[in-house]
Amino acid sequence: MAENTKKEIKEREEKKVELGANIFLCIMSLLILSILLFPIFWILNTSLKTETEIFANPPTFYPHVLNLKSYAAQVEIGDFNMFRSFLNSFCISFAAMGISVVLSVPAAYGIAQYHFKGRNAMLLGFLVTQMLPVSVLLTPMFIMFRNIHLYNTWGSAILADATIGIPFSVLILKNYFAAIPRDLEEAGYIDGCSRFGAFFRIMVPITRPGIMVCAIFSFLYAWGDLAYGMTFILDQKKRPITAGIFNFLGQYGTKWSYLSAFAIVTIIPVALIFIFMQKYIIAGMTRGAVKG
C-alpha cells in the first residue's frame with residue numbers, strides 16, 4: 001500500500017509539472033505570436049485611419065473614424081489599379097512556379113538516383129546560387145534579357161523568379177527521391193513500365209507532398225519579388241503588385257493609409273496559402289528532412 005501511495009504521489013507531481021510546463025509554453029507561444037502579428041495588425045489599423053489620425057500623438061490602437069477610401073482607391077482605374085497588378089503578379093508567379101516544378105523534379109530525381117562525375121559539384125552549385133544576393137544577378141540578367149528581347153515583358157520576370165525556385169526545389173526534392181527504395185522503381189520495370197513510365201507512375205506520386213511544398217514556395221518567392229519586377233519591367237501596367245507598392249510611395253508620398261491598404265491586399269494570397277496549405281507544407285518539409 002505504501003509503495004502504491006508513493007507511486008500515485010509521484011504521478012501527481014509529474015502531472016503537475018507537465019501541466020505547469022504546458023501552461024508556460026502556451027503563454028510563451030501567445031506572447032511570441034502577438035509580437036509577430038503586431039506589424040500586420042498595425043498595417044491593417046493604419047489602412048483604416050485618416051491621415052491625420054495616423055500621425056496623432058499618442059498613437060491610437062483602433063481607428064476613431066473609419067476610413068475606407070484607401071481601399072476604394074485600389075479599384076479605381078489608373079496607374080495603380082489593384083486588380084491589374086494582382087493579375088500581373090498571379091500570372092508571373094504561377095508561370096515561375098510551373099517552370100520551377102517542371103525543371104526541378106527530373107533534375108532532383110537524376111541527382112538522387114544516379115551517381116555521376118560532378119554530382120557533388122552540381123549540388124554545391126545549387127546551394128551557392130541560394131546564397132547569391134539579388135543585386136549580383138541583376139546586371140547579367142538585364143544584359144541577357146535585353147539581348148533576347150525579353151526586357152520589359154512578363155517573360156523576363158518569370159525566368160528571373162524561376163531562378164530562385166529551382167535551386168530550392170532541387171535541394172528539397174533530392175532528399176525525397178533519395179529516401180525512396182530503388183526496389184520500387186525496379187518493380188515497375190518488372191511490371192512493364194519504361195524508365196519514364198516508372199518515374200511518372202511511381203516516383204512522382206510518392207514525392208507529391210514535396211512537390212507541393214516546392215510549388216508553394218516557388219509561387220511565394222515570385223509573389224514577393226520586388227527587385228526583378230522593378231528592374232526588368234518598365235511598363236507600370238505590366239508590373240507585379242509589389243512594384244505597385246513601391247511606386248505608390250513615390251507617387252503619394254505620405255499617403256500611408258493607401259500604402260497600408262495596398263500592402264494588406266498583397267498579404268491576402270500569402271495568408272490564404274499558409275492557412276489552407278499548412279498541413280501540406282509541414283508534412284512536406286518534415287518528410288524531406290531525411291538524409292539522402
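**Exercise 1.** Find out how the side chains of glutamate 185 and arginine 182 meet, and describe the surroundings of each.

*Solution.* Start with the pair: the side chains of glutamate 185 and arginine 182 form a salt bridge, with 3.3 Å from N to O. That term stands for a side-chain nitrogen of Lys or Arg within 4 Å of a carboxyl oxygen of Asp or Glu. By this rule the count is one salt bridge. A quick note before going on: this is a predicted model, where local features need pLDDT of at least 70, side-chain atom pairs count only at pLDDT 80 or more, and totals for chains, interfaces and linings use all residues. Residues are numbered from 1 along each chain as its sequence is written, and side-chain values use heavy atoms, with hydrogens and water left out.

Next, look at the helix. The two residues sit three apart in helix α8 (residues 182-190), so about one helical turn separates them. Helices here are DSSP runs (H or I, at least four residues), numbered from the N terminus.

Last, check the cover. Glutamate 185 is buried at 0% relative accessible area, while arginine 182 is partly exposed at 33%. The cut-offs: buried is under 20% relative accessible area, exposed is over 50%, and partly exposed is in between (1.4 Å probe, protein chains only).

**Exercise 2.** Work out where proline 167 lies and what it is in contact with.

*Solution.* Then check its cover: with a relative accessible area of 5%, proline 167 is buried. Now list the partners. Contact means heavy atoms within 4.5 Å. Setting aside neighbours within four places in sequence, proline 167 touches Phe126, Thr129, Gln130 and Ala162. Take glutamine 130: it's 37 residues from proline 167 in sequence, and their C-alpha atoms are 6.8 Å apart in space.

**Exercise 3.** Describe the whole chain: which elements does it hold, and what share of its residues is buried?

*Solution.* Then turn to burial: of the 292 residues in the chain, 37% are buried. Finally, consider the contacts with a separation of 6 or more: 70% of them join residues 24 or more positions apart.

**Exercise 4.** Say where glutamate 14 lies and whether it is buried, partly exposed or exposed.

*Solution.* Glutamate 14 lies in helix α1. Its relative accessible area is 46%, so glutamate 14 counts as partly exposed.
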